[in-house]
Amino acid sequence: KQRKAINAFLCLSPDQEFDTLKAQILQKISEKLKPKTLAYENYSVEWYIPRLQTATLALSSADDYKFLLEHALKREALTVNIVIHVLPTSKHRRDHNESGDENQSNDGGSENSSSEDDKPKKKSKKDKKSKSVVETILNEKITSKIVQLQNRWLCSKAGCSSNHCFIHPEHPDHFPLGHEQLSVWASAWNKDNDLADLETPPNHPKFNFIPGRKSGVSPLLQRRLAERNQPTTGHASSPVINFNIPPDLIALFRPPGEIHDVQNVNNAPTATITSDQASLMPAGAQLGPDLSLDDFCAQYSLSDDIRSKLHENGYTGTETLSFIIVVELKEMGFKFGEVAAMKAALRRWSIL
């Protein structure tokens, strides 16, 4: 049976203690769910602020509550969403096993009596209970691995937006780990150690933009890198046959009006497009020093919006920035002034 979410409202004051908050949350749980045993440790409590702190963070200690208040008061957020999940316990699993044994003994006679019937059989309650037991055990394993990941990647950096961050061994930038990232990581790790482990996140879209990870390169940039690294051959793989037909012979098969139009087209001036019109790099310039994306933006005074757009599209440093053309910047949503700023930065960085 699919569980249904229940909503409730809670008014808090910033001067309240964490124990007071826990008591009010437990009171709401008691009113809505009416559990037999009421304990804060039996629930997973997380919070987030819409449009400000989108990744869910734990609310299990006084330090977590202090961090929540700092976020909410600093940005004047009047609404904080608190998400509560019931944690699976060993008692739940034992209840499932006992109910499964009872159903097995009760359903044994009905299965034997219906074996003589040709009518299709429905799924027995035993199968449904067994499936729920397996799902409960699986959830416990994933929850255990989430706890291990939270302990391993606990972030102690001052001013960081997340309590848990992954740090690539070859890159100093933090990658925040929210509830979705931790769940995907734990599920992949539980499935196979070759897919992920405590130190290595899985190859999943949720982790595409980890700083320093090659798989975070955008498809557009991957295509351009592949074109650059593609080896060129000195001759074609198939023969090329050229036919030279005199213009006078072609004119015999054209109506009189078309001959005049073709002459006008042939005499019309042709527009040429040079490489410096489409590329951000000056014509004939050589590559400058190898810089990371953050160092490049800081050194040449590029805005945070420009750095964010480049980071979201998988650009990690000057090695990949040198391939950008104006059309690609427009596809990424760059403004005219931002395009000009990118041109000026690459001109100053390159060696003429």
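**Exercise 1. Describe the lining of the largest cavity.**

Solution. The largest cavity is lined by Glu46, Thr56, Leu57, Ala58, Gln150, His164, Leu177, Gly178, His179 and Leu182, where a cavity is a set of points on a 1 Å grid over the protein atoms alone at which a 1.4 Å probe fits but cannot get out, and lining residues have an atom within 4 Å of a point. The elements that give two or more residues to this lining are β2 (53–58) and α5 (179–191), and β2 provides the largest share, 3 residues. Sorted by type, the lining residues are 4 nonpolar, 5 polar and 1 charged, with Gly counted among the polar ones.

This is a predicted model, in which local features need pLDDT of at least 70 and side-chain atom pairs count only at pLDDT 80 or more, while totals for chains, interfaces and linings use all residues. Residues are numbered from 1 along each chain as its sequence is written, and side-chain values use heavy atoms, with hydrogens and water left out.

**Exercise 2. State how much space the largest cavity holds.**

Solution. The structure has 1 cavity of 30 Å³ or more. The largest cavity contains about 50 Å³ of space, a volume being the space filled by probe spheres set on the points.

**Exercise 3. Count the disulfides and examine Cys165.**

Solution. A disulfide is a pair of cysteine sulfur atoms within 2.5 Å, and the count by this rule is 0. For Cys165, the closest cysteine sulfur belongs to Cys160 and lies 3.4 Å away, so it is too far for a bond. Cys165 is also buried, at 3% relative accessibility, where buried means under 20% relative accessible area with a 1.4 Å probe and protein chains only. Cys297, at 4% relative accessibility, is likewise buried.

Technical notes. Buried means under 20% relative accessible area, exposed over 50%, partly exposed in between (1.4 Å probe, protein chains only). On a 1 Å grid over the protein atoms alone, a cavity is a set of points where a 1.4 Å probe fits but cannot get out, and a pocket is an open set with protein on both sides within 12 Å along at least five of seven lines; lining residues have an atom within 4 Å of a point. Helices (H or I, at least four residues) and strands (E, at least two) are DSSP runs, numbered from the N terminus.
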